[in-house]
Amino acid sequence: ETGVTQSPTHLIKTRGQQVTLRCSSQSGHNTVSWYQQALGQGPQFIFQYYREEENGRGNFPPRFSGLQFPNYSSELNVNALELDDSALYLCASSLGLAGTEQYFGPGTRLTVT
Amino acid sequence: GIQVEQSPPDLILQEGANSTLRCNFSDSVNNLQWFHQNPWGQLINLFYIPSGTKQNGRLSATTVATERYSLLYISSSQTTDSGVYFCAVAFNAGNMLTFGGGTRLMVKP
């Protein structure tokens with residue numbers, strides 16, 4: 001069974017640029033959720049995709065957008081990067097929706113200078 | 001709004017000691033998970049426990065859903081137990097996790 005994978009591991013971008021982060025869900029899982037973890041804080045929910053449709057969104061601006069593909073892998077796109085976007089971005093996969101266990105990938109550490 | 005509170009925020013133990021971490025939440029849950037975050041940022045699943053009691057080796061967890069709290073017990077702590085422990089809950093059908101602030105555990109040899 002393949003776990004959740006994310007790429008890249010680390011990324012350095014300049015303020016104003018755009019970035020795309022990628023996530024491959026665990027085998028058999030059809031739901032992907034993205035979280036942002038600032039230094040010293042708990043992860044915060046960005047959005048969730050279920051069977052290629054956005055299924056919920058946290059308190060993040062529209063410049064945070066995403067996609068889920070037919071193989072259930074997912075992308076997180078962030079436009080017009082700001083310094084405060086520097087964080088660890090975590091992807092989690094699960095099977096179905098309500099009350100199912102989520103499994104996290106190793107994360108992508110984004111630094112915006 | 002939705003609240004998840006963890007206590008204590010910081011904990012220092014001597015190797016071999018036992019500890020109890022607490023998670024209080026403000027509403028009925030359909031998912032509650034405990035995680036250990038290692039120094040590289042990986043969230044490791046410890047327990048999926050929206051209700052009841054589970055044990056896995058030196059770790060055990062209990063969730064009393066009616067009273068809106070969960071406890072994580074660590075017995076005979078080891079230095080490798082060091083790190084941050086997060087409780088996360090979901091309150092709705094979308095299974096979007098809300099995390100507590102974490103408990104930072106340091107186990108000294």
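Predicted model: local features only at pLDDT ≥ 70, side-chain atom pairs only at ≥ 80, totals over all residues.
We can begin with the contact between the chains. The size of an interface is often given as the accessible area lost when the parts come together. Here the area buried between chain B and chain A is about 1600 Å², and carbon and sulfur atoms give 50% of that area. On the side of chain B, 19 residues are in contact with 23 residues of chain A. Eleven residue pairs are in polar contact between chain B and chain A, both partners being at pLDDT 80 or more. Two elements of chain B give two or more residues each to the side that touches chain A, namely β4 (31-37) and β5 (43-48). The largest share comes from β4(B), with four residues. Sorted by class, this side of chain B has nine nonpolar and ten polar residues, and no charged residues. The count of salt bridges between chain B and chain A is zero.

Next come the aromatic rings. A pair of aromatic rings is described by the distance of the centres and the angle of the planes. Over all chains, the count comes to nine aromatic pairs. In one of them, A:Y35 and A:F45, the ring centres are 5.7 Å apart and the planes stand at 65°; planes over 60 degrees apart count as edge-to-face, so this pair belongs to that kind. This pair links distant parts of the chain, with A:Y35 in strand β4 (residues 31-37) of chain A and A:F45 in strand β5 (residues 44-50) of chain A, ten residues apart. Both A:Y35 and A:F45 are buried. Another pair joins A:F60 and A:F64, with centres 5.1 Å apart and planes at 65°, so it too is edge-to-face. A:F60 is buried, and A:F64 is buried as well. Returning to A:Y35 and A:F45, these residues belong to one aromatic cluster together with A:F104, B:F35, B:F86 and B:F99.

A:E75 lies in strand β8 (residues 74-78) of chain A and A:R22 in strand β3 (residues 19-24) of chain A, so the bridge ties together parts that are 53 residues apart in sequence. A:E75 counts as buried at 15% relative accessibility, whereas A:R22, at 42%, counts as partly exposed.

A salt bridge also forms between A:E54 and A:R57, whose closest N and O atoms are 3.6 Å apart. A:E54 is partly exposed, with a relative accessible area of 40%, and A:R57 counts as partly exposed at 32% relative accessibility.

A further bridge brings together the side chains of A:R63 and A:E82, at 3.3 Å from N to O. A:R63 sits in the loop between β6 (53-57) and β7 (64-68) of chain A, and A:E82 in the loop between β8 and β9 (87-94) of chain A, so the pair ties together parts that are 19 residues apart in sequence. A:R63 is buried, with a relative accessible area of 16%, while A:E82 is partly exposed, with 40%. Salt bridges that share partners join A:R63, A:E82 and A:D85 into one network.

Definitions and conventions
Residues numbered from 1 in each chain as written. Chains lettered and ligands numbered in written order. Heavy atoms only, no water. Contact = heavy atoms within 4.5 Å. Buried area = accessible area lost by both parts, 1.4 Å probe. Salt bridge = Lys/Arg side-chain N within 4 Å of Asp/Glu carboxyl O. Polar contact = N/O pair within 3.5 Å; in protein donor to acceptor, adjacent residues only side chain to side chain. Nonpolar A, V, L, I, M, F, W, Y, C, P; charged D, E, K, R; others polar. Phe/Tyr/Trp six-rings, centres within 6.5 Å; stacked < 30°, edge-to-face > 60°. Buried < 20%, exposed > 50% of the residue type's maximum accessible area, 1.4 Å probe, protein only.
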